[in-house]
Amino acid sequence: MASLFLLTPHRTISPLSFSPLPKSLRLLPPRCQLQARSRVDAQLSTSTSEFERGVEFTTGDLFYRRESASARDLAVLLSSIAQHRLGRGLRVLDAMCGCGVRSVRYLSQGGAEFVWANDAFEGCRPRILANLSSVTPRFSRDARRWVITHFHAKRLFSECYLQKEFFDLVDIDSFGGDSSFLRSALSVVKIGGLLYLTSTDGRSSGGHRPSRSLASYGAYVRPMPFSNEVGLRMLIGGAMREASALGYHISPVFSYYSYHGPIFRVMLKLGKGKDDDISQYGFIGHCNKCGHSQTFSWDELGQISCPCGNAKVVVSGPLWTGPLHSAEYVGEMLELAREWGWAYSNDKIDDLDKVLNVMIDECDPQLPPGYIKVDEIAKRAKLNSPPISTLIHALKMEGYAASRSHVEPNAIKTNCPMASCIDFAMKIRT
């Protein structure tokens, strides 16, 4: 099998690999190629510039979602932190790069010394080439800074593995819920490296396609009132299963839900050796009768019931049931965001500041999976919704763990049973 674009200066690279023309146009006669190249240049020159955290790039008619800027912010912050910890620049693989905005930001802000930008659609090439070239030359001090390819992600990962090309960060900004590339993606992440996964399969996380979630992530998911958090836990659990099959283990650095889409994103750190502790990989149950939720281990599968006496508990799993974030990393990300002026700048609290602060609160190990919508508490208590901050304060005063949820603004995460939450809400209102 012919190798892909080999990256070290000592290896041979096909000159056609870096032509700004798609393969289909390279087959044309030279005169037609010049005409096609002129059309590409004209399109690029008329493109409207976009700006993201001070970085300029163009998108043309390629898909670009401004609302996903926060997800890119989080990835760039962590990339910079990882670069400082390693003491060297990162090797980054952007497997589904689109117009290349992530690759551009990894190079200019994330401390990447090399970025491999790949997208299966060859029509992206002129745009990616223009954006990357505007940031840094292809070569710097005889070292390659970036490369562009057009392969389906699964083939790309397989070939990288065969060529022993490994990366400190692999970013997969995929659409839908296809997880077939998970194992091959994990195989090209360096030990201690990072894998940034995306899923937009809201129907599976909502429990509307349990057979699909079982096939994709090994989890039979049923409808639950905190389905958007289940989507994150489903994604982490699926990656955990694939990593274990390869003899590795993973741990979440941060998890991020975006309402537009919906979009589920998780940043995972890869560790060497299997983790035989499955205490954080189990099942989540919810009682529709009283509203109580709880986790169940594998040993408890035959004993599932609700404290209210209801034996008809809705159960989903297996899923990741541990913390969604690393307090250490998220704390460093918040400090860096403030240092760069991305959060809490000019006495104004930025959305990124809010998200990171809530993520830190969510790191409390006493907090169970899921969240409780305040409107649900009010409905069961037959009163108006209490202020979230007041309810959280009341729960903490009684010794319970409680925080807001970054997934659902009008909800709380707490280890307090639903029945007690209702009592607290009634006391607040009276």
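Biologist: Is Tyr196 buried or exposed?
Modeller: In this predicted model, local features need pLDDT of at least 70, side-chain atom pairs count only at pLDDT 80 or more, and totals for chains, interfaces and linings use all residues. Side-chain values use heavy atoms, without hydrogens and water, and residues are numbered from 1 along each chain as its sequence is written. Buried means under 20% relative accessible area, exposed over 50% and partly exposed in between, with a 1.4 Å probe and protein chains only. The relative accessible area of Tyr196 is 0%, so Tyr196 is buried.

Biologist: How many aromatic pairs are in the whole structure?
Modeller: Rings of Phe, Tyr and Trp (its six-membered ring) pair if their centres lie within 6.5 Å; planes under 30 degrees apart are stacked, over 60 edge-to-face, and the rest tilted. A search of the whole structure gives nine.

Biologist: Which kind of pair do Tyr196 and Phe254 form?
Modeller: Their ring centres are 5.6 Å apart. The planes stand at 70°, so the pair is edge-to-face.

Biologist: How many residues apart are Tyr196 and Phe254?
Modeller: Tyr196 belongs to strand 9 (residues 189–199) and Phe254 to strand 10 (residues 248–258); strands are DSSP runs of E, at least two residues, numbered from the N terminus. The pair links distant parts of the chain, and the separation is 58 residues.

Biologist: What is the distance from the charged end of Arg85 to the ring centre of Tyr329?
Modeller: A charge sits over a ring if NZ of Lys or CZ of Arg is within 6 Å of the ring centre and within 35 degrees of the ring normal. Arg85 sits over the Tyr329 ring, and the distance is 4.2 Å.

Notes: Helices (H or I, at least four residues) and strands (E, at least two) are DSSP runs, numbered from the N terminus.
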